Amino acid sequence: MSLAEQLCGSVTTTAERVLPSRNEDPIARLEVHYFLIADLMLKNERITERKQYRSEARKRRNDMESLAYTRLWLSLLYDICKEFEREIDTQIRRRPNHFVINGDLWTQEQGVRSHFHRRKALLADFCNAQFHFQKDGLKQVKFFADPGAIIWAEELHQKIAAFFSSYRVQRLLDTRYLAAIGRQESSNLVRHPSPFPTYGLA
């Protein structure tokens, strides 16, 4: 009997006892293919925002770059939250034993969902205006005119990052993960550091 089988307590015989691969896990895909890009946009915006220029022309160009990063970040954030809710409701809740959502993760999931809905419609309009040509900029202006919108978005970003981080840890701790990836990949997992970043808004 393999190490993975010993840790599981029995040989895995059904799909419900084996975690999906990272490519088949909707939460993992949402993080890797979408959230990491949004996180990069936010970090680039902050780096750009901190730059100082004596030339007025360079400053205007820097401000345009910062705004571009902000608009892409906010638009990605809406799509991430929308798909996050959809995948949770259509896949995770229907097959809870097939994934690694435990009590603490459900609490974090509810926190993300609750925070998102506070300005969901406002962010949806912003995203729509970003990716669909508008005759005016009223939807973007409306978002930026809300004095608490950017802080709200940053807090939402933090909550999503915390959920993804907890999900990855829980997935690695679940013994079914070893059964899914096999002994060789398990040993590689121990020897090599995680490719995922540690999120931080500092």
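**Before you click**

This is a predicted model, in which local features need pLDDT of at least 70 and side-chain atom pairs count only at pLDDT 80 or more, while totals for chains, interfaces and linings use all residues. Residues are numbered from 1 along each chain as its sequence is written, and side-chain values use heavy atoms, with hydrogens and water left out.

**The whole chain**

Colour by secondary structure: the chain has eight helices and zero strands. Helices here (H or I, at least four residues) and strands (E, at least two) are DSSP runs, numbered from the N terminus. Of the 202 residues, 36% count as buried, where buried means under 20% relative accessible area, exposed over 50% and partly exposed in between, with a 1.4 Å probe and protein chains only. Contacts (heavy atoms within 4.5 Å) with a separation of 6 or more are 78% between residues 24 or more positions apart.

**Helix H7**

Select residues 149–173. Helix H7 has 25 residues and spans 36 Å from first C-alpha to last, close to the expected 36 Å, which is 1.5 Å times one less than the number of residues. Show its buried side chains, among them Trp 152, Leu 156, Ile 160, Phe 163, Phe 164 and Tyr 167. In general, an α-helix has 3.6 residues a turn, so residues three or four places apart point the same way.

Rings of Phe, Tyr and Trp (its six-membered ring) pair if their centres lie within 6.5 Å; planes under 30 degrees apart count as stacked, over 60 as edge-to-face and the rest as tilted. By this rule the count comes to eight aromatic pairs. The rings of Phe 35 and Phe 164 have centres 5.4 Å apart and planes at 55°, so this pair is tilted. Phe 35 sits in helix H2 (residues 26–50) and Phe 164 in H7, 129 residues apart. Both Phe 35 and Phe 164 are buried.

Next, select Phe 126 and Phe 143, a tilted pair with 5.2 Å centre to centre and 55° between the planes. Phe 126 belongs to helix H5 (residues 120–131) and Phe 143 to helix H6, so the pair ties together parts 17 residues apart in sequence. Phe 126 is buried at 0% relative accessible area, and Phe 143 is buried at 0% too.

**Helix H3 and its partners**

Now show H3 (residues 56–92) with H6 (residues 138–145). How do their axes cross? The axes come within 13 Å and cross at roughly 90°. That makes H3 roughly perpendicular to H6. The axes are lines fitted to C-alpha atoms, for helices over the stretch in contact, with angles from 0 to 180 degrees between N-to-C directions; under 35 degrees counts as roughly parallel, over 145 as roughly antiparallel, 65 to 115 as roughly perpendicular and the rest as oblique. Leu 67, Thr 70, Arg 71 and Leu 74 of H3 meet Gln 140, Phe 143 and Phe 144 of H6.

Step along H3 to Ser 75. Ser 75 is buried at 0% relative accessible area and touches Phe 126, Cys 127, Gln 130 and Phe 131, leaving out residues up to four places away in sequence.

Finish at Leu 76, also in H3 and buried at 19%. Beyond its neighbours within four places in sequence, Leu 76 contacts Ile 37, Ala 38 and Met 41.
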